[in-house]
Amino acid sequence: NEKGQQRMVLNGADVTDELRTPVMSDYASKVSALGPVREFLLEQQRELATRYDVVMDGRDIGTVVLPNASVKIFLTASAEVRAGRRLAEFRGKGDNVSTLESVLEDMKQRDARDSQRAVAPLKQADDAQLLDTSDLSIEEAVTAIKQIIKEKLA
């Protein structure tokens with residue numbers, strides 16, 4: 001945890017910045033569709049949720065991983081808005097090569113692949129609250145999420 005930000009360390013090396021690149025996003029989408037990978041991760045995620053109060057995000061958390069979760073939020077935004085946000089993240093990390101068009105195309109391909117995969121496809125759980133953040137600032141999105149949680153746990 002560095003300055004309130006989660007960091008990922010692999011074999012002693014901080015790999016956090018490498019995880020949010022277009023290449024890694026593409027790999028994650030492809031690898032996550034593999035049955036043995038899904039089975040292993042499913043067990044790990046459920047174990048964490050059994051032992052701790054957790055907030056999890058992922059494309060199948062509410063439908064497959066934790067179908068009985070107390071609060072489910074299907075957080076979304078238009079592909080164009082998400083691509084703009086991701087590009088800004090890349091720029092903040094010094095990536096001046098990616099373009100909005102390339103990030104948008106990668107995002108659309110991943111969305112299609114994840115939505116159409118046979119195992120645990122991306123979809124909103126029937127009992128999940130939809131929250132479209134396309135027109136919200138980060139502060140507004142956090143406020144909306146807190147309100148949903150408050151209402152669900154009341």
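Helices (H or I, at least four residues) and strands (E, at least two) are DSSP runs, numbered from the N terminus. Val23 has its place in helix α2. Residues are numbered from 1 along each chain as its sequence is written. The model is predicted, so local features need pLDDT of at least 70, side-chain atom pairs count only at pLDDT 80 or more, and totals for chains, interfaces and linings use all residues, while side-chain values use heavy atoms, with hydrogens and water left out.

Val23 is partly exposed, with a relative accessible area of 48%. Buried means under 20% relative accessible area, exposed over 50%, and partly exposed in between (1.4 Å probe, protein chains only). Helix α2 (residues 22-31) gives the patch its largest share, four residues.

Now go inside. A nonpolar core is a set of buried Ala, Val, Leu, Ile, Met, Phe, Trp, Tyr and Cys residues joined through side-chain atoms within 4.5 Å. The largest one has seven residues: Ala79, Ala83, Leu87, Phe90, Val103, Leu104 and Met107. Helices α5 (79-92) and α6 (100-116) each give two or more residues to this core. α5 gives the most, with four.

Next come the charges. Side chains of opposite charge can pair when their charged atoms come close. A salt bridge is a side-chain nitrogen of Lys or Arg within 4 Å of a carboxyl oxygen of Asp or Glu. The whole structure has 12 of them.

One joins Asp60 and Arg38 (2.0 Å, N to O). Asp60 sits in the loop between α3 (35-51) and α4 (61-65), and Arg38 in helix α3, 22 residues apart. Asp60 is buried at 6%, and Arg38 is buried at 14%.

Glu47 and Arg51 form another salt bridge (3.7 Å, N to O). About one helical turn separates them, because they are four residues apart in helix α3. Glu47 is partly exposed at 42%; Arg51 is exposed at 54%.

Lys72 and Asp127 also pair (2.8 Å, N to O). Lys72 lies in the loop between α4 and β3 (73-76) and Asp127 in the loop between α6 and β4 (129-132), so the pair ties together parts 55 residues apart in sequence.
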